[in-house]
Amino acid sequence: MADVSLGPPDRDRLFGGDGAREADRAQLLLVAGLVIAVSLVTLVVLLNATIYSENVATRGIESTDGEALEVRATAVGGTGELIDAANRAGPTDPEDIEDSIGDLDAELSRSYAERGGVTHLNLSSVGNGSRVSGELGAVDPNASLLAGNVTRTRGFVIDVDPDPGSLNQTDPAGAVDDAFHVDLNDSTGGSRQVYVYNGTDGNVTVAVGENGSAPTALCETPPAGRSRVAVDLTGERLGDRPCPGLWPRSLVAPDGTYNITLVNADAAGGEVTATVRPVSGGAVTSNPDLTATAAVYEATIELRYRTADLRFETTVRVAPGEPDA
Amino acid sequence: MRERPESGPTRLLSDERGVSVTVGYVLTLAIGAMLLSGVVIGIGGVLDAQTDRAVRGDLSVLGQTTAANVESADRLARAAETNRSSAIDTMNASVSVGVDLPDRAAGVPYRIAVDNDTVTVRTDRPEAMMEIPHAARTNVTPSSVRGGPIRIEYERNGAGAGNLTVVER
């Protein structure tokens, strides 16, 4: 009988030789090994990709807009300070503003070039107005026109002397007759009064009323030994504290014009300053006891900022100290 | 006299009765094939699950990056529109933010769709989608672009409201 048995493994069957054909079975193991190896490599690559993505995700996304907004804030702030500085120095020539903005542009360009950004700042236009200032004690004690027929006001600050001998002491009920106040008379109807007085508690108090009615106290601040307390009407601040509601909403961007009048000026001591844009666009009508000089009310600037990934171009109107809309 | 048969392991090793080469081959092939199938099916399942996880993770990251940049462009657009009086409404406001996104998410091509409320990133194979809400207040023109480097643009020429638009770079 023929021998059909499978003998024990020998060298020839495993590694070739005469019985090499029988070693083909091992290819199955090779294929299996290859499949496992390829699968593992793919798995590792995938897991690495996931880990990398999650790592990147948890690093936080760098805000691309921060620097552009910084450039804008610098340009607007710098232009505002240039305008105010020029106005304080005397009658302002728009060409001086243009030259100064050219210098600011050069400074900005140099500063941001170091960080890989390109800036360009250009003065587009200038809006004329008047800067009115004066001593409260020098004006008509009954009623003095600070500015007539104006369309916009900015930087309207009254620095009052909080001393009780200078600033009348009263309460909201008596403020209409006894307290110094600013009357804002809108040509389209209605008027608004802002009263400044020493309250019965000795605090510098600001109250607002409409159409001559009894006012409502809005804010107060202790004098704290200061020789001057600033009442910033357009900035809506009393001293160093915010005082929202000081400037009427209807006069932020009015359709018509309005008059600003100082009433009972003898009930307070201190200085008043305001920059106004008359409807005429030129000189403003005001009491001769106050000093009105030609000034730049606003400027329009064109700003461009570019980096490798970002382009930002805008036209901004700069009017520092204007009430917020 | 009859020779005494061997006993123990020596006897079993040398005993080749009932052993068939054909049956041996068939058994070896069957067991090998079953093992290979098990490995392929098992690892294939793990691979699919990991691919899906990797794609979803990448889509989430890409969606968040896109949403963050849409919001950046929105902030810049609103800054570009602030303090523009009626007198200068005819002038331009222009913003462009470039974003370097990869062409593939875990090796799979994808698409980015942006509308007023969300950024949607999706792949077809495996079928995966992530919706990331964004907080942009400027109007966004609904658009869909191929995954890869993109640019978010805002243009306003003269009066009227501008829109944010996402385009391929």
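Biologist: What pLDDT does chain B average?

Modeller: This is a predicted model, in which local features need a pLDDT of at least 70, side-chain atom pairs count only at pLDDT 80 or more, and totals for chains, interfaces and linings use all residues. Residues are numbered from 1 along each chain as its sequence is written, while chains are lettered from A and ligands numbered from 1 in the order in which they are written. pLDDT is the predictor's confidence in each residue, from 0 to 100. In chain B, 84% of the residues score at least 70, and the average pLDDT is 84.

Biologist: Which element of chain B has the highest mean pLDDT?

Modeller: The elements are DSSP runs, numbered from the N terminus, with helices (H or I) of at least four residues and strands (E) of at least two. Among the elements of chain B, the lowest mean, 68, belongs to helix α1 (residues 9–14), and the highest, 96, to strand β4 (residues 111–114).

Biologist: How many helices and strands does chain A have, and into which domains is chain A divided?

Modeller: Chain A has five helices and 13 strands. Its domain bounds come from an automatic or database domain assignment, and they divide the chain into domain 1 (13–51), domain 2 (66–124 + 300–317) and domain 3 (129–299).

Biologist: What distance separates the centres of domain 1 and domain 3 of chain A?

Modeller: The centres of these two domains of chain A are taken over C-alpha atoms. On that basis, the separation between domain 1 and domain 3 of chain A is 91 Å.

Biologist: Which element supplies the largest share of the side of chain A that touches chain B?

Modeller: Two residues are in contact if their C-beta atoms, placed from the backbone, lie within 7 Å, and the contact between the chains takes 38 residues from chain A and 44 residues from chain B. On the side of chain A, α2 (26–58), α3 (66–89) and β13 (310–318) each supply at least two residues. The largest share, 16 residues, comes from α2(A).

Biologist: How many nonpolar residues does that side of chain A have?

Modeller: Ala, Val, Leu, Ile, Met, Phe, Trp, Tyr, Cys and Pro count as nonpolar, Asp, Glu, Lys and Arg as charged, and the others, Gly among them, as polar. By these classes, the side of chain A that touches chain B has eight charged residues, 10 polar ones and, for the nonpolar class, 20.

Biologist: Which strand of chain B do bridges join to β13(A)?

Modeller: Two strands pair if DSSP finds at least two bridges between them. Within chain A, β13(A) pairs in the antiparallel sense with strand β12 (residues 291–306) over eight bridges, and a hairpin joins the two through three residues. Four bridges, with the strands running antiparallel, join β13(A) to β1(B), residues 92–99.

Biologist: Is A:V276 buried or exposed?

Modeller: A:V276 has its place in strand β11 (residues 270–278) of chain A, and the residues it touches, not counting those up to four places away in sequence, include A:G129, A:A147 and A:V284. Because A:V276 has 26 C-beta neighbours inside 10 Å, it counts as buried.

Biologist: Which residue in the turn between β7(A) and β8(A) has a positive phi?

Modeller: Two bridges join β7 (residues 229–232) to β8 (residues 237–238) of chain A, and these strands run antiparallel, with A:R237 as the bridge partner of A:D232. The two strands form a hairpin with four residues between them, and the positive phi, about 55°, belongs to A:E236.

How values were computed:
A residue is buried if 20 or more other C-beta atoms lie within 10 Å of its own, exposed if 12 or fewer, and partly exposed in between; C-beta atoms are placed from the backbone.
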